[in-house]
Amino acid sequence: MSRILFVCLGNICRSPAAEGILRKKAKDRGLDLYIESAGTGGWHVGDPPDARMIKTAGKRGYKLDHLRARQVELSDFYTFDYLLAMDLSNQGDLLAMAPPNRECDIRLFLDFASSSERETPDPYYGGDAGFEHVLNLLEQGAEGFLDHLEDESG
Ligand code: 4NP
């Protein structure tokens with residue numbers, strides 16, 4: 001069973017949404033995955049996802065209200081097979097703290113998507129359209145990532 005950690009900055013907008021989306025889409029395909037999310041920053045540790053993201057994702061059938069933010073920790077580099085970053089800054093932070101003997105893949109999530117965008121933009125300071133856009137990108141990322149896992153397992 002693959003173990004996947006989504007990583008953004010605050011762990012209250014993008015990465016918890018990615019977690020909820022992948023969990024649902026994996027279940028729909030009958031794939032058994034272990035999925036969590038975390039932030040590189042610690043400002044929101046213990047908080048639920050942003051209310052705007054809970055609402056926007058909820059309308060698409062993704063339930064996020066039970067999730068609580070946590071910060072990336074060293075053990076994550078050994079626990080998970082994939083650390084999937086939302087943007088290049090998150091990926092850079094992960095690469096900077098990665099222990100040399102880690103075996104996990106540290107990738108940009110949207111590198112698995114068919115979208116032309118590589119980074120999932122931070123919707124925190126924007127309006128509702130930003131949240132919808134993030135969900136569109138994350139849904140594409142999730143489909144592409146699940147295709148990748150299915151290809152890998154043959
Ligand atoms: P996220 O968005 O990284 O998608 O969870 C953010 C949420 C909060 C902050 C930054 C980004 N913040 O600075 O508080």
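**Close-up views of a predicted model**

**View 1. Asp 81, Asp 105, Asp 151 and Glu 152 form a patch of negative charge on the surface.** Patch members have over 30% relative accessible area and no salt bridge, and like charges are joined within 9 Å. A salt bridge here would be a side-chain nitrogen of Lys or Arg within 4 Å of a carboxyl oxygen of Asp or Glu. Asp and Glu count as negative, and each charge is placed at CG of Asp or CD of Glu. Areas are Shrake-Rupley values with a 1.4 Å probe. Asp 81 sits in the loop between α3 (76-79) and β3 (82-85); helices (H or I, at least four residues) and strands (E, at least two) are DSSP runs. With a relative accessible area of 34%, Asp 81 is partly exposed, meaning between buried (under 20%) and exposed (over 50%).

Before the next view, a word on conventions. This is a predicted model, where local features need pLDDT of at least 70 and side-chain atom pairs pLDDT 80 or more, while totals for chains, interfaces and linings use all residues. Numbering runs from 1 along each chain, and side-chain values use heavy atoms, without hydrogens or water.

**View 2. Asn 11 has a positive phi of about 60 degrees, although it is not a glycine.** Look for Asn 11 in the loop between β1 (3-8) and α1 (14-29). Asn 11 is buried, at 2% relative accessible area.

View 3. A disulfide needs two cysteine sulfur atoms within 2.5 Å. The sulfur of Cys 8 has its closest cysteine sulfur in Cys 13, 7.1 Å away and therefore too far for a bond. Cys 104 is in no disulfide either, with the nearest cysteine sulfur, that of Cys 8, 17 Å away. Cys 8 is buried at 2%, and Cys 104 is buried at 3%.

Definitions and conventions
Buried means under 20% relative accessible area, exposed over 50%, partly exposed in between (1.4 Å probe, protein chains only). Patches are made of residues with over 30% relative accessible area and no salt bridge: like charges are joined within 9 Å, nonpolar side chains (Val, Leu, Ile, Met, Phe, Trp, Tyr) within 5 Å.
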